[in-house]
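Colleague: Could you walk me through the packing and cross-links of this chain? I would like the cut-offs along with the answers.

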Amino acid sequence: MNLQTLLYVMVLLCKLTGCLSIVGGRDAHRGAWPWMVHLGMHSKHDKTMCGGSLVSDQWVLSASSCLNASLRESIFLERLFARVGELSLREPSGRLVKLKRVVQHPDYRWGETNHSFYNDIGLVQLQEAVSFSDTVKPVILPSPRDVFSPDTECWVTGWGDVAEGTPLGGKQTLQEVQVSLVDDATCRRIYPETTDRMLCAGDLRGGKDSCQSDSGVPLVCILAGEVERRFVQVGIVSFGEGCARVGIPGVYTHVLSYTQFIRDTIQETECNDLPPFEACFL
């Protein structure tokens, strides 16, 4: 498969599934979401971007649909970069870091019949560790004791389209929008192909959702019963039908189902000892 064909397939998948970002949001304030990472790739033929969340000083959590097989080849990976501590893409003030390695979930797959992603989770290792500050901090991962419900305050953030077919304009400032978790029964009714390793979130009245160009961005929710407002990453933007349509939420990878995969990837010496630009499968 040549380069042009690969890029065409990537664009087609995004159009079919809605490689997602933010609709109905507002400009975020600097440092409000310090774990946000902008991932981008530039080639002679195309420009691809998605998002992720910092989970350690050298690892970024994202979606495998963003970090697909074509991007893992060295000719692509060498053109991949991450921006940490960033707010406005047209007025960059964060740090640009090249990537060292991409790790996809071994069971990640694309369902051709139902246009769904399964085990849509992956990590990228930065070539250099980043220093934490007010604008650069890792996100908290969920634990089995955490409880979230449709009443929980949840937010999704990203730099992608603000409506179907409408890219983020102006300074391209990070967008934030508050969304609600959708109960499992409703999620399965709307998306029969989903599993218990996925969850739905959005606004069933429409108008608030993720959208094109930012798959892999985090869905974070506030832990209940704590004095300090602490956000936990509950989901990863994966796929959906359009953007912010009435009665149609977005589908997210359920992070709690993959915390062991995340920890094993970061700690796996076999992966860490590989030369740069080698893909790793656990």
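Modeller: What follows takes up the cores, the disulfides and the aromatic rings in turn. This is a predicted model, where local features need pLDDT of at least 70 and side-chain atom pairs count only at pLDDT 80 or more, while totals for chains, interfaces and linings use all residues. Residues are numbered from 1 along each chain as its sequence is written, and side-chain values use heavy atoms, with hydrogens and water left out.

Colleague: Happy with that. How many residues does the largest nonpolar core have?

Modeller: A nonpolar core is a set of buried Ala, Val, Leu, Ile, Met, Phe, Trp, Tyr and Cys residues joined through side-chain atoms within 4.5 Å. Buried means under 20% relative accessible area, exposed over 50%, and partly exposed in between, with a 1.4 Å probe and protein chains only. In the largest core, the residues with the most contacts inside it are Trp 33, Trp 35, Leu 54, Leu 126, Val 156 and Leu 219. The size of that core is 57 residues.

Colleague: On to the cysteines, then. How many disulfides does the count come to?

Modeller: A disulfide is a covalent bond between the sulfur atoms of two cysteines. The rule used for counting is a pair of cysteine sulfur atoms within 2.5 Å. By this rule the total is four.

Colleague: What is the S to S distance in the disulfide that joins Cys 50 to Cys 66?

Modeller: The two ends sit in distant parts of the chain, 16 residues apart: Cys 50 in strand 3 (residues 47-54) and Cys 66 in the loop between strand 4 (59-62) and helix 2 (69-72). Helices (H or I, at least four residues) and strands (E, at least two) are DSSP runs, numbered from the N terminus. The link is right-handed, with 60° about the S-S bond. Its S to S distance is 1.8 Å.

Colleague: Why is the disulfide of Cys 154 and Cys 221 right-handed?

Modeller: This disulfide has an S to S distance of 2.1 Å. It links strand 10 (residues 154-158), which holds Cys 154, to strand 13 (residues 218-222), which holds Cys 221, 67 residues apart. Cys 154 is buried at 0% relative accessible area, and Cys 221 is buried at 0% as well. The link is right-handed because the torsion about its S-S bond is about 105°.

Colleague: Is Cys 243 buried or exposed?

Modeller: Cys 243 is joined to Cys 211, with S to S 2.0 Å, and this link is right-handed with 80° about the S-S bond. Cys 211 has 0% relative accessibility and is buried. At 7% relative accessibility, Cys 243 also counts as buried.

Colleague: Now the rings. How many aromatic pairs are there by the rule?

Modeller: Rings of Phe, Tyr and Trp (its six-membered ring) pair if their centres lie within 6.5 Å; planes under 30 degrees apart count as stacked, over 60 as edge-to-face and the rest as tilted. Trp 110 and Phe 117 are a tilted pair, because their planes meet at 50°, with the centres 5.0 Å apart. Tyr 191 and Phe 239 are edge-to-face, at 6.0 Å centre to centre and 85° between the planes. The count of aromatic pairs is seven.

Colleague: Which residues do ring pairs link into a cluster?

Modeller: Trp 33 and Trp 35 are among the residues with the most contacts inside the largest core. The cluster consists of Trp 33, Trp 35, Trp 155 and Phe 231.

Colleague: Last one: over which ring does the charged end of Arg 197 sit?

Modeller: A charge sits over a ring if NZ of Lys or CZ of Arg is within 6 Å of the ring centre and within 35 degrees of the ring normal. Arg 109 lies over the face of Tyr 118, at 4.1 Å from the ring centre. For Arg 197, at 4.1 Å from the centre, the ring is that of Tyr 258.
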